Amino acid sequence: MITGLHHVNILVPAGTLDAAREFYGETLGLTPRPVPQLQRDSLAWFDIASSGQQLHVAFGRESDFTEESRKAARHPCFRIENAEKLLELQKRIWAHFQSALTAGTGSDSESGRIGAPTECDRPGGENSGDKGVEYPTRFFARDYAGNRLEFTL
């Protein structure tokens with residue numbers, strides 16, 4: 001019956017599709033894809049490699065972005081092809097996170113902030129998830145809207 005997932009939907013604040021394209025397209029490396037014409041200003045879709053699976057980004061309601069919501073444990077988990085690529089991605093997300101922390105100190109301060117994650121486990125450090133031998137190698141981050149994301153082998 002069920003053969004897999006077609007897509008996962010992530011909610012972001014209204015008017016932040018540029019930030020979604022920066023984080024999900026540039027930082028994570030997902031491939032943008034066309035959305036239905038009538039929804040092009042309210043959705044962003046991304047292909048997850050050549051898997052046929054997608055990530056859909058849509059505008060949420062104000063209540064979706066309370067401080068409590070931003071600390072929620074719910075999350076999608078993305079499989080990465082090997083340990084080297086997992087660390088490479090973690091370093092890229094960490095660098096985007098760090099650039100937002102230091103933005104404002106130079107003349108090009110805006111570029112580091114667009115779509116910057118709000119949290120990211122430090123490369124080489126302990127991940128922020130539950131611990132135990134049953135858990136695979138992984139790390140966590142929160143996108144610019146506070147959505148928790150897990151990346152694993």
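Modeller: Arg-148 lies over the face of Phe-140, 4.0 Å from the ring centre; a charge counts as over a ring when NZ of Lys or CZ of Arg is within 6 Å of the centre and within 35 degrees of the ring normal. The model is predicted, with local features requiring pLDDT of at least 70 and side-chain atom pairs pLDDT 80 or more, while totals for chains, interfaces and linings use all residues. Residues are numbered from 1 along each chain as its sequence is written, and side-chain values use heavy atoms, leaving out hydrogens and water.

Now the sheet. Four strands form an open sheet with mixed pairing, in the order E1-E4-E3-E2. Strands (E, at least two residues) and helices (H or I, at least four) are DSSP runs numbered from the N terminus, and two strands pair if DSSP finds at least two bridges between them. E1 and strand E2 (31-33) are at the edges with a single partner strand each, so one side of each has no neighbour in the sheet. From one strand to the next, the twist averages 30 degrees.

E1 and E4 are parallel and share six bridges; Val-12 stands opposite Phe-59 in E4. E3 and E4 run antiparallel and are joined by five bridges, with Leu-43 opposite Ala-58 in E4. E3 and E4 also form a hairpin, with six residues between them, and Ala-49 in its turn has a positive phi of about 50 degrees. Five of the six residues of E4 are buried, so this strand is largely enclosed by the rest of the structure. Buried means under 20% relative accessible area, exposed over 50%, and partly exposed in between, using a 1.4 Å probe and protein chains only.

H1 packs on this sheet, touching E1, E3 and E4, and its direction makes about 10 degrees with that of E3. Contact means heavy atoms within 4.5 Å; axes are lines fitted to C-alpha atoms, for helices over the stretch in contact, with angles from 0 to 180 degrees between N-to-C directions. The buried residues of H1 include Leu-17, Ala-20, Phe-23 and Tyr-24. The buried residues of H1 pack against E1, E3, E4, H2 and E8. Just after H1, Gly-29 has a positive phi of about 80 degrees.

Ring pairs link Phe-23, Tyr-24 and Phe-46 into a cluster. Rings of Phe, Tyr and Trp (its six-membered ring) pair if their centres lie within 6.5 Å; planes under 30 degrees apart are stacked, over 60 edge-to-face, and the rest tilted. The whole structure has five aromatic pairs. Phe-23 and Tyr-24 have ring centres 4.9 Å apart and planes at 90 degrees, so their pair is edge-to-face. Tyr-24 and Phe-46 have centres 6.1 Å apart and planes at 40 degrees, so theirs is tilted. This second pair links distant parts of the chain, Tyr-24 in helix H1 and Phe-46 in strand E3, 22 residues apart.

Tyr-24 and Val-57 are among the residues with the most contacts inside the largest nonpolar core, which has 29 residues. Such a core is a set of buried Ala, Val, Leu, Ile, Met, Phe, Trp, Tyr and Cys residues joined through side-chain atoms within 4.5 Å. Elements giving two or more residues to this core include strand E1 (7-12), helix H1 (17-27), strand E3 (43-47) and strand E4 (54-59). Leaving aside residues up to four places away in sequence, Val-57 touches residues including Ile-10, Leu-17, Tyr-24, Leu-43 and Phe-46.
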